[in-house]
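Q: I'm new to this one and would like a short walk through it. Can we start with a single residue and go from there?
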Amino acid sequence: MYPLIERIAKSAGDYSPKHCRRLFRIANYLQPHNMILLSAGKGASAFALTAGCRNAMSIAIGEKPEAAISQALSKNSRYNQLEGDPMEQLQTVIEKNGHIDLLYIGNTPLYNEAVEKSLSAVNKNSVIIVEGIRRNRLMKKWWQRTIADKRIVVSMDLYNTGILTFNNEYKKQHYTFLFK
């Protein structure tokens, strides 16, 4: 699967093959029942996440992936692309599913609204992945405020990608990882 993920990541050019492999491994480990992919860019990240968990109902909200990636994604019968206002679509999906297993937030200015809207639908097994946490000073400040929130139990800083978890069986902890 890695060669295909790498080929798609290189063709899309929005995320590195290494980053897409990491997303694949995260989804493969978590095996969520539902994934919401908000602003997944040209589609490399969406492909990596859905390839990691073919049994998950994957709902992409935001811009459509590039044609070649869209074709590869369409082979997964549990993948759906929604169009329209992203926040309205996110609210509709949350109301329909009742909970979020995995929420992926790509490089979008709607990161704050998306996280706030989704916090009512998380449970102890939910994971939120946010891209661009070091994109600018405003985003860095938002990330610091977010990981300080009592509802977020374990947070991980993968340099430009943040991961939030909510299992209150653990102590509140923040991890920073550096990848070379």
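This is a predicted model: local features need pLDDT of at least 70, side-chain atom pairs count only at pLDDT 80 or more; totals for chains, interfaces and linings use all residues.

Q: Which strand does Leu164 lie in?
A: Leu164 is part of strand β7, which covers residues 161–165.

Q: And what is Leu164 in contact with, leaving aside neighbours within four places in sequence?
A: The contacts of Leu164 beyond those neighbours are Ser126, Val127, Ile128, Trp143, Thr146, Ile147, Ile152, Val154 and Ser155.

Q: How far is Leu164 from Ala72?
A: Their C-alpha atoms are separated by 28 Å, and the two residues are 92 residues apart along the chain.

Q: Back to Thr146. Where is it found?
A: Thr146 sits in helix α7, residues 137–148.

Q: Is Thr146 buried or exposed?
A: Buried: its relative accessibility is 8%, and the cut-off for buried is under 20%.

Q: What does Thr146 touch, apart from neighbours within four places in sequence?
A: Thr146 is in contact with Ile152 and Leu164.

Q: New topic: helix α1. Which residues are buried there?
A: In α1, which spans residues 2–12, Ile5, Ile8, Ala9 and Ala12 are buried. They lie on the same side of α1, because they cover an arc of only 100° around the axis.

Q: Why would residues three or four places apart point the same way?
A: An α-helix has 3.6 residues a turn, so residues with that spacing point the same way.

Q: What is exposed on the other side of α1?
A: Pro3, Arg7 and Lys10 are exposed there.

Q: And what comes just after α1?
A: Gly13, with a positive phi of about 75°.

Key:
Residues are numbered from 1 along each chain as its sequence is written. Side-chain values use heavy atoms; hydrogens and water are left out. Helices (H or I, at least four residues) and strands (E, at least two) are DSSP runs, numbered from the N terminus. Buried means under 20% relative accessible area, exposed over 50%, partly exposed in between (1.4 Å probe, protein chains only). Contact means heavy atoms within 4.5 Å. The arc is that of the directions from the helix axis to the C-beta atoms.
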